[in-house]
Structure formats: structure tokens, C-alpha cells
Amino acid sequence: MTAPSLPVARTTTESAPTRTSGTNAVGTPHARVEGRAKVTGEARYAGDIPFAELAHGWLVLSTVARGRIRSIDTGPVLAMSGVLSVLHHENAPRLTPGVGLMGPDPSTLLLQDDRVPYRGWPVALVVAETSEQARAAAEALVVTYDEEPHDVVFAADHPGAYTPEASGLVQEDVERGDVEAELAASAAVVDEEYTTPEEYHNAMEPHAAMARWENGRLEVVDSNQGSNAVAQLLAALFSLDAASVRVRSEHVGGAFGSKGFGAHLILAVMAATVLDRPVRVVLTRRQVFSFVGFRPATAQRVRLGADADGRLRALEHEAISLSSTLHQFVESSTRHSRALYGADALRIRTKVVPLDVPAPSFMRAPGWAPGSFAVESAMDELAEKTGKDPIRLRVRNEPAVAPASGLPFSSRNVIACYEEGARRFGWADRDPRPGTRRDGRWSLGVGMAASAHSAGVAPATASITAEADGTFTVRIAAADIGTGARTALTQIAADALAVSQEAVRMKIADSDFGPAFLAGGSMGTTSWAWAITEAAVALSKKLALGDPIPAEGVTAKADTTELVGGRDQRESLGFGAQFAEVAVDVTTGEVRVRRMLGIFAVGRVVNPVTARSQLIGGMTWGLSMALHEEGIRDTASGGLANGDLAGYHFAANADVPAIEADWVDDPDTYNPSGIKGLGEIGIVGGAAAIANAVWHATGVRQRHLPIRLDRVLTAGTATH
Amino acid sequence: MREFDYQRASDAPEAVALLAANPDARFLGGGTNLVDLMKTGVENPALLVDVRGLPLDRIEVAGDGSLKIGATVTNSDLAADPEVRRRYPALAEAVLAGASGQLRNMATVGGNLLQRTRCGYFGDTTKPCNKRTPGSGCSALTGEHHNHAILDWSEHCVATNPSDMAVALAAFDAVVSLHTVDGDTELPLSEFYLPVGDTPDRETALPPGALITGVTLPAAPVAARSRYRKVRERASYAFANGSIAAALDVEDGTVRDARLAFGAVASRPWRALEAERVLTGGPATAEAFAAAADAELAAARPLPQNGYKVPLIRNLVVDVLTELTQETTR
């Protein structure tokens, strides 16, 4: 049995759609094209699709944080009902080193040797006829270890801290002007440390992958953020011809950065190869907390020096983040300070502390989310010290060019966000003094912060086929990870082809469609839109010849590699302003958010429905980051003390008030579509806006996330 | 999850007999806690005896004015019952402060009394825990314990009892009815939960194989003016960091009667008898309430991460008793 076909935009009329000029799908609200399929259950996710002869793999994870495997007692397990195989380091297929989503990553080298680099490292895969049999056997498998001492305690002054080498993902340190002299000459100085904990992304759909060999070709159904990238990685890792690997990822129930190149997928391919039958591996929620990546803890020191009028003389931001001894990951928290405020002297430093933990990874707005908490909190402290309104202080320090890079902005409409947000939030009514408003036992406060996120674009390929029936089929290895990308691309294609959306069949998430940047970095829709638009131009040239369309249609392709690479260098970012009102009971420490407003400058908005959903979702996560989310490392075991949804709290419905998100005009032609990715910016600045509101309510700064009730209670002075 | 058998019992004697025949069996109520523990391998019963269909789903006012609550009454029905809301409002509030609507629809009174701690180490079979595996050690004592006990813990276990309902029941002198192979018997809630000591795995004084058939709340006029307040890390769907069930009778500024119990501070719902003693006969003032809280909390031994619970409970006592006083005076 094969996977069901992609849901398509349904043609509502029998007659062939007419090509009309001036369709305006982009910018108008549209329900998701696959919405009906999703709510009726017709849409199948990677773990749902039945396959004949499907076997089930279950992961066995290490229970020590560092050491070597001494023995794996497979005998009793192999005798258990339904068990087909136990893959481990002594019998697993050999893999090619040097493969990874972002450069060589030893995390991909599963079951290759006896080393255990962290607690939760996959040490075996048990394969059985049913998922229940595989699980029972996996839980019965006895693995013994020669344990070695481990170090999982993150601290800013950890002796192992080092400065990572600059790369495409790691920005160079900046030292400009004399920070110490400017601080000494400043009328007001803020010098504080802010910390954020480990945070874990939990998509509704846990990670799942099915692999099988079909006619000499490796076929994979996975839940990932980029089918073509994953296919290329699999080919490299298993030393296969790239054309002999096909990866599909039709529907993805959330990813947030966690669905790159998964261990479960690699092990499913191993098992399918060894057993020569389809094998599926699905993660449990607890396994999701083990090795799919997380946002590392950060410790950030921010020093600001300003004249009495609030003009910044010095800005220093040193961001230290947790990394892994297995594979380096840098949480680039300084991206916010590099882009937001001008200062005479600038010092920006990045360090990492490698520990015996899984490699952290991208989590919604990597770097930007924790960095904005530190910098936007510090700006609020500076506003307090200089007696300036927080918005005026920010406007006062608007830079003419990007502070760190010196590059011009492609567009920067953050002031419009401040103004519109202030107007709609009622910011002018704010009494700047903290602790002046009450509602019964609740102290009330308001706060704001700036938001920003890079709005990049990357190469992609796309093809469009003009079908004989007058419809158009678009093929691009895009991914819709729940964002509404499939719908947005349908709108874009309709406009580019000057047809109605009903005439467009959008096929995505199939590696056979060719290379395309993955759904990440808020770059997906922008990158894919460009390729689709170029393909539409190429197709219209072919169709302009006026020949009748043959049965197989007329196809045109586009590759934007040269176009993307040929642009001048600019800082392209989305901006925003977030406002929050909180209520704090200082006798119990409870914090409740009463309302949030976010106003964003995010280029051309393709679909207001899904764009608002993305922004509100991000802001909700910002609230959750501010008040709830915290992965607690258990020092003794090296694992998490709260690695499931019973222990790892995120905001419940009752915590989330009316959240409003909207946007201002933000024309930008740096990329031809004028789109700026907006999937991540919603989470940026929210935690700072809430922390600043908590200060306004209580007069006490909260510099460590989450703002737990015990922190508020013990920081406050208001006991009876 | 181990394979298990399932049988439905139709009355208490049958249920108890089934369990007596199979010591590796467990009673199944709503399953909102037991099934989770089975999925994570903490519980591995060979047999589940489903007692949810037993004819124990009534709430009745007895001739002596006491309230008799059947063991299979759901948490939702308990919280919605007009007699509960009128006579023991703190109990209805406590139940509604727990879990979610869906869970309350399933969870039973009997099961609620027997729910296990939510200490993360207890629920993780890959880590030491004396409650789960006696003698393996207490991971929380030196590990993560910001929401663990401040009262009456031992070096063997610092976990708390998670129930909200049981806190209100403790305040109102509940008596637990049991059925055993020897017949019906009773156990005051104050004796139902055992101190931790060096046997944290032994949580209750329930005789082996006994089935909880109901809970009786003696008539208590003071309970008609009662309140439950729960402090937690999010607005719903979280266990308490500290909670209080309180009832107060004030006349002419003097406390005539008081009931106080705390949640999330010990391995069992904590009846604050010392605080009640200090309150009774004294002035109904914030200072007196604080003194009563201090008297109770003098025995507190906070751990490095949970010292905040002492001021939290103190503040809750003062706040809630002050609110009740204002309502009495009004």
C-alpha cells in the first residue's frame, strides 16, 4: 500500500479555470487548503500510514550519562513474543562519519561504538511485529555500563567555557570603541546577569519515521522540516546514491526546530535495511525530551551605559550557553543586541559550555528568544534608571545602520510598531512608578519590549506544470509544519500564474521535487515563494508560444540559487513591539498575564489568517517561556528531573488571556515577494515584556526565567 | 507496560474476593493515576479489578447530619453536589481546583484518596526512589525538590501527597469506610495515611486487600463557612505548591471554632491542629492568624529549594482566615 495522495485545492467548477490577470490571493484571508483533511482525520501523519509487513522499532536509551556499554543481553529479549531483531553497536550497519544537518555531527553516528555521551543516548533498537511487543522487549533489555563521571551542571563561570569559532551560524565577537571608558562616562549604568533555563519543544505530533526498500530505492515517510535535505543526509550517511533515496513528509504536526535529521529516522533505515521490510519508529513523549534537541540554558551579562537623556554610550552583551561534549551548538543570543540599538561602544561576546548532555538544537527563534529577554529587560532597567519612558528610550537609540555589521537595513519599521502598539494598548495611561495599581489581592503592572527576527531567504528549486485541463501543478520540496505554508504557497502560485487558487495543485514535502531550503529560520515561505514565482515566469514564457498543451502538460522549472546569491548585503529583519499587562499576588508569588498585544512589521503578509495564528502562537510561547517552561537537569543521573509533560509545564489554556497580534505596513523589496518570514518573531520579546510588567507591578526585577512563584515570593517584601 | 487481566466487580465482597485471590491485583477506579503509572512501568499489576461499577455512587445526608459519600462518586459529581456545596464548600472548591474537567469526570473519591505522589523521581523507573523501590535511595533529597515536603519528611522520602480533595477531608475529620474479607470497618482519615518514617512505600493503614467503600464527613456547622485556596505554578492543571482548607466561626471578634489543613507540605494532607488550638478562643485578627500559622510551621524543616513554602503557607493562612472573618462579620 502506498501513502495517500496529497490533498489538493479542490476545483469547484467543472469548467477549466480561466487565466485572469490581477488575481489578488496574496494578502487576503484563506483557510488552510488541507484544513478539512486535517479536521476529518483524512490527513495522515508519518506514524499513521499503514504499510504491508510493517515492523515496529522501539528505542532503548542509555541510563548513564557518560561511559561505555559493557554488555547488551539480547538473548532473553530475542526470545520474547514477536521480536525480530535487536540492533546495537556490535551488529548495526556501519555509517559514514561527517554527516549532519549543520555540518559534521557525531549525533548521527548511532550504534557505531560503545561510547555513551549522555543520558538518553540511543544504545539499541528493538524491532518486533507490533509496537507493543517492541516496547515490552525494549523495556526488558538489560544493558550494563562502565560508568564514568559526568558533568551536567551549567554555570557561566564553568572552566570549560570557550569562544566558538565564527561560522555561518555563529557570529563573530564584536569589540568597537572603548566600552569601559564609555561606561565610566555614563550618567546611568545597568550591569546585570540574566539567565534562561533549558527549554524543550514538544510538537503535538511526536517524531515518527517509516523506512522501507522498494525496487532498490530507499523510501522514507518522516515528520521533518525539509524532505530534500533529509534525503541528502540519509544518502550521505548510508553511502547511497542521492537519487536512490526518497523522503516524504506530507503533514507535520509541529516541529519548532526539533524535526531536522532524527535519530529515530536513522535507526528506522538501519532496521529496514537489516530486516528488508518496512520499519517504523515512533518516539514517546519522554523520548522527545531526550535527544531531539532543546533550547540550551543561557547566562547573559548585559551592561548598558547611557547619558542622562538615555542615549546609549556603551552596550555590552556576553551570552554564554550550554552546549554538548558530543556536538557543539551555539545559542546565538547576541543576535538581538547586534541588531536593535546603536551605541558609541559595543562589545558582543559569545561563549559555550560543553557538558555531557545531548546536543541542543534550534528551538523557535533560536538566540533571539533568550537574547531578547536579557537585552529588553536591561533596556527597561535603563529606562527606570534614566527616568525615560521605555518606548522613548528605544526610539532614542534607533540605529541608522545595523549596529554590529554596519550594513543598511532592508527596511526597519519598529517605531511604527511602538506607536501603533502604544496607542492600542493604552500605554500613555501608564504611571511609570512601580506598584501603584491594585485589583484586590493582585498588583497590576504593564511592560513592553521590542521584537526582532532575521528575515532571510535561501535558494530553492520549484517546478510548475500547466496541465491539459487548465489547472496547474506546483512541485516544491517545501514543508508545512503547521504554519500554513501550503496555503500561502498556493496563494502565491495563483497570483504568479494569474489564476484562481482552485486551479493550483500544490505538491510539497517530497525530496524528489528537488533541493529547497527547509522550514526553518523563518526563511521557508520567502525562499519557496521566490522559486515558485520564477517558475511561473518561466512557464508563462513557454505558454506564450500558444501551442496546445499536451496530455503530459507543459513544465517549467526554476532554481533561485543565483538570484539569491546575487543580491547586495543588507540586514533583513522583521520587527515588532510587544505589550503585556500582568497581575501579581506578592503574598503567594502567583503571576497571571491579563492581556498581551503584539504589533509587527513583517513585510508583506501572505495570509492574514495563518499569519495571525503564527504570531499569536509565538506570543503564547513567550508567555509560557516567561512563567512556566524549565527543563530541570538532575545532577546525579545527568538526565532531566522533569522530562515529561507532567513535570515540564507550559502555559495551560487558563494561563493564556486574550492575545492580540496585528501588523503595520512594512514595504520591502529586498526579496521580490516582499515577504518576511514571521514564524518565529512572535516569541521574541514576550518574556521581557512580561518580566518588565512584573517589575512594574511589584518593584522587583525578575532576571531569571521562568518567573516562578517561589522566585516572586522570596524576592518580594510583602509577607504579613 | 506489562500485559494484564481485567475483571469487573459488581459488589464490594466480590471485588475484595477477587483481590484476595490475586495479591498482584489492583482495584481500578477512574484509572486517572493508576493507568499512567502502568504505562510508565511504576505499577505492573497482573490483574485490574474494576470497581467503578459498584453501587457506591451516592451522596447522602444521614440522620445524624453527617454526609456519606460513596467511593465511586466521581470528582465532578462530588464538586457539583448541592449538599457538599452547602455544608462543606471547601471540599467542592478543593475538588474543582484539581486536575481538569475530563479527569474529574473519571476520577473517583476512593481513587483520589489513594493517588500516588507526583514526585518526578517516583514516576521515573530509571532513577532511585525509596517509595517505588525500597532501599534504592531518595533522589529528591539532594536533587530536584522545589515542590517537596517541608513537614514530617524523612531522609527516606521527601515527597508530598498530591490530593486537593484529601486536604479538605482532613480539615473536616473525615472517616474512611472500608470493606475487607472480614467485613466492614472504618478508619479515621487522621490515621489513614501513615507517617513517612523509614517505609515511604507504605503510604496508608489500609489492611491488605481492603476496598474503600466511602467517606463520611461528620456534621460540622463551622464547615458551612469554609474555603479552599490552592497556589500552583500555572492557572490550572497543576498540583499545588501550597494549599489550604480553612473553616472559621467568629463571634464578637473571637474565634469560636477553626479548622485548618494544608496541602503540598507533607506526605499526607496536613491537619494543622496546633494552629487550630492557638486560634480557638483568640482574637480574629491578622496578627493572631499569623501567630497560629507560625505555631504550626515551627516544626517545618524546609529543604534547600522549598523554603518559600513556609511564608507561602503563612500568607495563605492569614489571607484566607481574614477573608472568612470578613464574611462572618458582614
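How far apart are the mean positions of the positive and negative charges of chain A? They sit 3 Å apart, with 67 positive and 84 negative charges going in; Lys and Arg count as positive, Asp and Glu as negative, and His and the chain ends are left out. Each charge is placed at NZ of Lys, CZ of Arg, CG of Asp or CD of Glu.

This is a predicted model, where local features need pLDDT of at least 70, side-chain atom pairs need 80 or more, and totals for chains, interfaces and linings take in all residues. Residues are numbered from 1 along each chain as its sequence is written, chains are lettered from A, and side-chain values use heavy atoms, without hydrogens or water.

**View 1. The fold of chain A.** Chain A has 17 helices and 24 strands (DSSP runs, H or I of at least four residues and E of at least two, numbered from the N terminus). Of its 720 residues, 62% are buried, meaning under 20% relative accessible area with a 1.4 Å probe, protein chains only.

**View 2. Where Arg364(A) sits.** Look for Arg364(A) in the loop between strand E15 (345-355) and helix H9 (368-386). Its contacts (heavy atoms within 4.5 Å) include Phe256(A), Arg295(A), Trp621(A) and Ile683(A), leaving out residues up to four places away in sequence.

Notes: Buried means under 20% relative accessible area, exposed over 50%, partly exposed in between (1.4 Å probe, protein chains only).
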